[in-house]
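Q: Could you take one part of this model and go through it slowly with me? I'd like the strand pairing first, and then a look at the rings.

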Amino acid sequence: MIPSGVTVNYDEKTNVVTVKGPKGELSQKVDPSIVYKNEDGKITFEVDEKSSVDSKQKQAFHGLYRSLVNNMVVGVSEGYKKTLELVGVGYRVSNQGNLVEFSLGYSHPIFIQLPKEVKVETKSERNQNPIITLETCDKQLLGLICAKIRSFRMPEPYKGKGILFQGEVIRRKSGKTAAAK
């Protein structure tokens with residue numbers, strides 16, 4: 001079902017689905033072996049039996065594009081939000097607009113310029129881990145940015161330090177001192 005306030009358009013010449021809503025506008029190219037239908041406010045995708053692509057690939061495309069368009073509809077109506085937590089002594093984060101500065105224990109600060117579609121908010125309180133909140137309508141872009149930020153300091157299992165998703169639990173390892181006993 002398409003929520004109210006969201007419009008979905010399909011261009012048959014270019015095979016592009018465009019979704020517009022209150023949070024933004026997204027578009028996705030669809031493979032020609034998939035048939036798009038919009039009937040009574042429901043979007044359906046069907047496999048075109050006449051296309052030359054093999055049947056396993058058609059089935060994979062069917063599920064892929066159904067999921068991508070669903071994520072676009074949810075994104076422009078509700079949006080997506082991820083919260084990252086910096087766990088470690090001296091780890092800090094601050095932002096000025098979409099320019100985010102990380103201090104992660106390296107000899108220099110790390111700067112990352114986020115796209116204008118992403119809203120960023122940082123919070124640092126005394127005796128609390130710094131928190132960075134990212135919000136956008138594009139789920140793929142949000143996942144890509146979160147992965148890039150996490151790559152600056154991946155969570156490690158011995159001390160539990162790193163950049164984690166809020167609420168994520170790291171399985172801790174005991175290290176070599178526990179094996180010596």
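A: One bit of bookkeeping before we start: angles here run from 0 to 180 degrees between N-to-C directions, with axes fitted to C-alpha atoms. Also keep in mind that this is a predicted model.

Let's go to the sheet. It is an open one of three strands, in the order E7-E8-E9, and the pairing is antiparallel. Strand E7 (92–96) and strand E9 (110–113) are the edges, each pairing on one side only. On average, neighbouring strands in this sheet are turned by 20 degrees against each other, direction ignored. Zoom in on strand E8 (residues 99–103) and you'll find it pairing with E9 over four bridges, in the antiparallel sense.

Helix H2 (residues 139–152) lies across E8 and E9, and runs at about 175 degrees to E9.

Arg-153 lies over the face of Tyr-106, at 4.2 Å from the ring centre. Lys-82 does likewise with Phe-165, at 5.1 Å from the ring centre.

As for ring against ring, there are four aromatic pairs. One of them is Tyr-10 with Tyr-36, a stacked pair at 4.6 Å centre to centre and 20 degrees between the planes. That pair links distant parts of the chain, since Tyr-10 sits in strand E1 (residues 7–11) and Tyr-36 in strand E4 (residues 34–39), 26 residues apart. How exposed are the two? Tyr-10 has 23% relative accessibility, so it counts as partly exposed, while Tyr-36 has 13% and therefore counts as buried; the cut-off for buried is under 20%.

Phe-61 and Tyr-65 make another pair: their ring centres are 5.8 Å apart and their planes are at 40 degrees, so this one is tilted. Both residues are in helix H1 (residues 55–77), and because they are four residues apart, about one helical turn separates them. Phe-61 and Tyr-65 are both buried.

Last stop: go back to Tyr-10 and Tyr-36 and bring Phe-45 into view. Ring pairs link these three into a cluster.

Definitions and conventions: Residues are numbered from 1 along each chain as its sequence is written. This is a predicted model: local features need pLDDT of at least 70, side-chain atom pairs count only at pLDDT 80 or more; totals for chains, interfaces and linings use all residues. Side-chain values use heavy atoms; hydrogens and water are left out. Two strands pair if DSSP finds at least two bridges between them. Helices (H or I, at least four residues) and strands (E, at least two) are DSSP runs, numbered from the N terminus. Contact means heavy atoms within 4.5 Å. Rings of Phe, Tyr and Trp (its six-membered ring) pair if their centres lie within 6.5 Å; planes under 30 degrees apart count as stacked, over 60 as edge-to-face and the rest as tilted. Buried means under 20% relative accessible area, exposed over 50%, partly exposed in between (1.4 Å probe, protein chains only). A charge sits over a ring if NZ of Lys or CZ of Arg is within 6 Å of the ring centre and within 35 degrees of the ring normal.
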